[in-house]
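I opened the model and kept notes as I went. Entries follow in the order I looked things up.

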Amino acid sequence: AKEDAGAITSIGVLYQDGLGVPQDYEQAMKWYERAFNSYTKKADKGSLEAQTMLGFMFENGMGVPINYEKAIIYYTEAANREYAEAQYMLGEMHRHGRAKSKDEKEYLKWYKKAADQGHQEAQVILAELEKQKQPISRSETEANLKRSISAKTKAMLKSFVHTLRRSANKGKNISGK
C-alpha cells in the first residue's frame, strides 16, 4: 500500500505539538523520518510537492537536522519548475536571512513569481511590503516567521484530517490496510 506522506507528517505534528496525543518529541521524530523517506522517494520521481516538503523539513528540522542549504536546493528545484509554494518558500528564506544573504531583490523575485501564479500569502506579503516601503524590523520578521510556520502546521493538519475522513469513508485505517 502507498503511504500518504502528508498524513504521516501530520501525525508527527500532532505528537510534536501534543494535539490529541501526549506531546512526545521522540514519536514526532519517528513520524517525520518516515515522512522524509516517503517524500524522498516521491521527489526522486520528480514530485514538485515532495521536493518542496523536503525543503520545508530541512528548513525546520523535521526528521532531519536543520540545513538551510539543503532546503534551498529542494525549494529551488521545484521553484524553477514553476511550483508556486516553492517559490514562496524561497522568498521567505531570502527575506528572513536563512539563505546565504538577506537579499531584497531575490526575495521579491520569488514572491512575485509565486504571486503571479495566484499564491495568496505571496500576494499579501508583496502588498504589505509595497505599503511599507521600509526595511523590515527583526521583531516583525520573527512574527512573520511564526505566522508562516503556524500556517504550514495548520495546512498539514487540514490535510491529515482530510486523509482521515477519506480513510474513514473507505473503512480503512491510516496505513491503508
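Definition first: I took helices (H or I, at least four residues) and strands (E, at least two) as DSSP runs, numbered from the N terminus. This is a predicted model, so I kept to its limits: local features need pLDDT of at least 70, side-chain atom pairs count only at pLDDT 80 or more, and totals for chains, interfaces and linings use all residues. Residues are numbered from 1 along each chain as its sequence is written, and side-chain values use heavy atoms, with hydrogens and water left out.

**Entry: helix α6**

I began with D116 and K112. Both sit in helix α6, four residues apart, about one turn of the helix. My rule for a salt bridge was a side-chain nitrogen of Lys or Arg within 4 Å of a carboxyl oxygen of Asp or Glu. I then checked exposure, calling a residue buried under 20% relative accessible area, exposed over 50%, and partly exposed in between (1.4 Å probe, protein chains only). D116 is exposed at 58%. K112 is partly exposed at 46%.

E106 and K109 form a salt bridge, with the closest N and O atoms 3.3 Å apart. The two are three residues apart in α6 (residues 104-116), so about one helical turn separates them. E106 is partly exposed at 23% relative accessibility. K109 is partly exposed too, at 36%.

**Entry: the remaining charge pairs**

How many salt bridges are there by this rule? I got four. One of them joins R34 and E3, at 2.6 Å from N to O. R34 is partly exposed, with a relative accessible area of 34%. E3 is also partly exposed, at 34%. I noted the general point that side chains of opposite charge can pair when their charged atoms come close.

**Entry: whole chain**

I counted eight helices and zero strands. Along the sequence the pattern reads α-α-α-α-α-α-α-α. Of the 177 residues, 41% are buried. The accessible surface comes to about 10300 Å², and 52% of that belongs to carbon and sulfur atoms. These areas come from the Shrake-Rupley method with a 1.4 Å probe; for residues, only the protein chains shown count as cover.

I also looked at contacts, meaning heavy atoms within 4.5 Å. Among contacts with a separation of 6 or more, 50% are between residues 24 or more positions apart.

**Entry: the core**

Which residues have the most contacts inside the largest nonpolar core? I listed Y39, M57, Y75, Y88 and Y111, in a core of 39 residues. At least two core residues come from each of α1, α2, α3 (48-60), α4 (68-79), α5 (84-95), α6 and α7 (120-132). I used this meaning of a nonpolar core: buried Ala, Val, Leu, Ile, Met, Phe, Trp, Tyr and Cys residues joined through side-chain atoms within 4.5 Å.

I followed Y39 further. Leaving out residues up to four places away in sequence, Y39 touches A5, G6, T9, A50, M53, L54 and M57.

**Entry: α2 against α3**

Y39 and M57 are also among the residues that make the α2 and α3 contact. Others there include F36 and A43 of α2, and Q51 and F58 of α3.
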